[in-house]
Amino acid sequence: MGLTHVQFALLVDLWWFDSQGVRPSQRELAEHATVDVMMTSQVVRVLEVKGLLGREDDPADMRKKVLVITDEGRRLAERAAGVVENVDREFFKVAGEHNALIDVLEQLAGVN
């Protein structure tokens with residue numbers, strides 16, 4: 001889909017923020033996606049050049065910039081997330097409905 005793993009992670013996280021009505025700063029996006037701030041800076045520039053996001057002044061603090069996903073970015077994030085979900089579902093379906101690993105983890109966590 002033309003995205004690296006980090007580009008995908010940041011774009012999908014920005015898409016999630018957008019769905020919540022939030023325009024995060026670059027630092028907030030990095031923290032939410034658990035991506036290094038310097039790496040985020042570089043990747044945000046690439047995504048901006050690709051037309052998938054933009055930067056705007058924060059209405060609450062004119063010294064701060066917030067990230068805004070574009071319509072193209074929204075469409076790509078939705079498609080990419082769907083592809084990843086389908087791959088995950090296909091990959092993990094071999095475990096079947098009864099997954100022994102989940103049973104053990106629940107026991108260790110004291111859930112069962």
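Predicted model: local features only at pLDDT ≥ 70, side-chain atom pairs only at ≥ 80, totals over all residues.
Residues are numbered from 1 along each chain as its sequence is written, and side-chain values use heavy atoms, with hydrogens and water left out.

Take glutamate 56 and arginine 23, which form a salt bridge with their closest N and O atoms 2.6 Å apart. This pair links distant parts of the chain: glutamate 56 sits in strand S1 (residues 53-58), arginine 23 sits in the loop between helix H1 (5-19) and helix H2 (26-33), and the two are 33 residues apart. Helices (H or I, at least four residues) and strands (E, at least two) are DSSP runs, numbered from the N terminus. Glutamate 56 is partly exposed at 34% relative accessible area, and arginine 23 is partly exposed as well, at 46%. Here buried means under 20% relative accessible area, exposed means over 50%, and partly exposed lies in between (1.4 Å probe, protein chains only).

A salt bridge also joins aspartate 57 to lysine 65, with 2.8 Å between the closest N and O atoms. Aspartate 57 is partly exposed, at 35% relative accessibility, and lysine 65 is partly exposed with a relative accessible area of 46%. Arginine 63 and aspartate 61 meet through their side chains too, at 3.0 Å from N to O. In that pair arginine 63 is exposed, at 77%, whereas aspartate 61 is partly exposed, at 24%. Elsewhere, salt bridges that share partners join Asp18, Asp71 and Arg74 into one network.

Back in the loop between H1 and H2 you will find serine 25. Is serine 25 buried or exposed? Serine 25 is buried, because its relative accessible area is 10%. Leaving aside neighbours within four places in sequence, serine 25 is in contact (heavy atoms within 4.5 Å) with Lys64, Lys65, Val66 and Leu67.

Now let us turn to the interior. In soluble globular proteins, nonpolar side chains tend to be buried together. The largest nonpolar core in this model has 20 residues, and those with the most contacts inside it are Leu10, Leu11, Leu14, Leu29, Leu47, Leu53 and Leu67. A nonpolar core is a set of buried Ala, Val, Leu, Ile, Met, Phe, Trp, Tyr and Cys residues joined through side-chain atoms within 4.5 Å. Two or more residues come from each of H1, H2, helix H3 (37-49), strand S2 (61-69) and helix H4 (71-92). H1 gives the most to this core, with six residues. For a local view, follow leucine 14: leaving aside its neighbours within four places in sequence, leucine 14 is in contact with Pro24, Leu29, Leu53, Leu67, Val68 and Ile69.

How many aromatic pairs does a search of the whole structure find? The search finds one. The rings of tryptophan 16 and phenylalanine 17 have centres 5.3 Å apart and planes at 65°, so the pair is edge-to-face. Rings of Phe, Tyr and Trp (its six-membered ring) pair if their centres lie within 6.5 Å; planes under 30 degrees apart count as stacked, over 60 as edge-to-face and the rest as tilted. Phenylalanine 17 is buried at 9% relative accessible area, whereas tryptophan 16 is partly exposed at 40%.

Next comes the loop between H2 and H3, where threonine 34 lies. Most residues other than glycine have a negative phi, and most peptide bonds are trans. Phi of threonine 34, however, is near 50°, a positive value in a residue other than glycine. Threonine 34 is exposed, with a relative accessible area of 71%.

Finally, look at helix H5 (residues 100-109), the place of leucine 101. Leucine 101 is exposed, at 54%. Helix H5 also holds glutamine 107, which is exposed with a relative accessible area of 57%. Between glutamine 107 and lysine 65 there are 46 Å in space, C-alpha to C-alpha, and the two are 42 residues apart in sequence.

Notes: Salt bridge = Lys/Arg side-chain N within 4 Å of Asp/Glu carboxyl O.
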